[in-house]
Structures are given as C-alpha cells and as structure tokens.
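This briefing sets out selected features of a single protein chain, grouped by topic. Please consult the sequence and the three-dimensional view while reading the points that follow.

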Amino acid sequence: MGMSQKDAEGDARLNTALEEAARLAAILESVGEGVQSIGLDGCISYGNAASARMLGYAPGELIGRPAHATIHHTRADGLLYPVEECPILLTLRDGRTRRVTGEVFWRRDGTSLPVDYTISAMRDANGAIVGTTVAFTDVSERETA
C-alpha cells in the first residue's frame, strides 16, 4: 500500500520543519554570546553552550532553575537585587525590550560575571507573552581595561 500524495506532502513539511529546527539550534549553539530563554514562571527553559560555559554550568544544567535566584540575585556591589526591579522579570510582565549595561550575573562558583544584556519578549502567534529571551555578553575584558 503506497503513501498518498497528501501523506507525502505532510512528511515533506515535517522534514522541512525538523531541518529548520536543527538549523536554528545549530545557530544558537554557535553564537559566542550567552542566550537563554526564560518562561513565564521565571525559570530558565533554554541556555546555549556559551551561556552555560560563561556561568560555569554543564550544558542543560540551568534548565528549570529560577533565573533571578540563580544568576541575577545580587548586584555588583553585593546588595540583593530586588525581584521587583529585575529587568528580566519586568519584561516578562510588560513585554518591553530592555538593554542593560554594567550589571553582573552570578556563576555557579559564586563569582560574578560582568555583563551587558538585552531582554526581549517571546510572543505566541496571538501576540501574548510566553517568555523572554536574554542575550548577554561577558564584558570582563572591557571592565579591566
């Protein structure tokens, strides 16, 4: 029994979608900047290899952890970073893109990493916020120059 033309077209669309997903994953993994997605619950749902490396984690190890409590809990001066002031969590609420300079993220070993980062809302087909994307750059070389 052969495959119908409709089934063949469906398979072709699925293969194309899988190829596109693999291509996009390869792009994200090859980027030198850290890229994370944060879900509506404030937890990290994706982190590329650069993100894990810069923060001292194994790939995938940050998945499911609360972003603020894990990497953004304290300011560079050692004072706690209030959740209600966290630009990442603010973007989850209002959808505004934010560019932040001169802050730190925290590594697994408890040391700080000077970063600049951009937070953008991820939206579904209806425009509802479904999370954020955080792209960050290690600026330690600039900080010490």
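**Overview of the predicted model**

Of the 145 residues in the chain, 34% are buried. The model is predicted, and the chain holds five helices and five strands. Read from the N terminus, the elements follow the order α-β-β-α-α-α-β-β-β-α. Among contacts with a separation of 6 or more, 40% involve residues 24 or more positions apart.

**Helix α4 and its surroundings**

- Helix α4 spans residues 87-94, and its buried residues are P87, I88, L89, T91 and L92.
- The elements against which these buried residues pack are the strands β1 (34-39), β3 (98-106), β4 (112-123) and β5 (129-138), together with helix α3 (67-71).
- An α-helix has 3.6 residues a turn, so residues three or four places apart point the same way.
- In α4, the buried set includes I88 and T91, and also L89 and L92.
- After α4 comes G95, which has a positive phi, near 75 degrees.

**T91 and T132**

- T91 is part of helix α4, and T91 counts as buried because its relative accessibility is 0%.
- Setting aside residues up to four places away in sequence, T91 touches R96, R98, I119, S120, A121, I129 and T132.
- T91 and M122 are 31 residues apart in sequence, and their C-alpha atoms are 9.7 Å apart in space.
- T132 belongs to strand β5, and T132 is classed as buried because its relative accessibility is 0%.
- With residues up to four places away in sequence again left out, T132 touches Q36, S37 and I38, then I88, T91 and L92, and finally I119, S120, A121 and M122.
- The contact between T91 and T132 therefore joins two residues that each have 0% relative accessibility.

**Aromatic pairs**

- The structure holds two aromatic pairs.
- In the pair formed by F105 and F136, the ring centres are 5.1 Å apart and the planes stand at 75 degrees, so the geometry is edge-to-face.
- This pair links distant parts of the chain, with F105 in strand β3 and F136 in strand β5, 31 residues apart.
- F136 is buried, as is F105.
- Through these ring pairs, F105, Y117 and F136 are linked into a cluster.

**Cysteines and disulfides**

- A disulfide is a covalent bond between the sulfur atoms of two cysteines.
- The number of disulfides in this structure is zero.
- C43 is counted as buried because its relative accessibility, 17%, is under the 20% limit.
- C86 is also counted as buried, because its relative accessibility is 1%.

- A search of the whole structure finds one cavity of 30 Å³ or more.
- The largest cavity contains about 30 Å³ of space.
- Its lining is made up of G47, N48, S51, A52, A58, G60, E61, L62 and I63.
- By residue class, the lining of the largest cavity comprises four nonpolar, four polar and one charged.

**S140 and helix α5**

- S140 lies in helix α5, which covers residues 140-144.
- S140 is classed as partly exposed because its relative accessible area is 23%, a value between the limits of 20% for buried and 50% for exposed.
- Apart from neighbours within four places in sequence, S140 is in contact with L113 and P114.
- S140 and S112 are 28 residues apart along the chain, and 9.9 Å separates their C-alpha atoms.

Note on methods
Residues numbered from 1 in each chain as written. Predicted model: local features only at pLDDT ≥ 70, side-chain atom pairs only at ≥ 80, totals over all residues. Heavy atoms only, no water. 1 Å grid on protein atoms, 1.4 Å probe; cavity = no way out; pocket = protein on both sides within 12 Å on 5 of 7 lines; lining within 4 Å. Points joined across faces, edges and corners; volume = space filled by probe spheres on them. Nonpolar A, V, L, I, M, F, W, Y, C, P; charged D, E, K, R; others polar. Buried < 20%, exposed > 50% of the residue type's maximum accessible area, 1.4 Å probe, protein only. Helix = DSSP H or I, 4+ residues; strand = E, 2+ residues; numbered from the N terminus. Contact = heavy atoms within 4.5 Å. Disulfide = S-S within 2.5 Å. Phe/Tyr/Trp six-rings, centres within 6.5 Å; stacked < 30°, edge-to-face > 60°.
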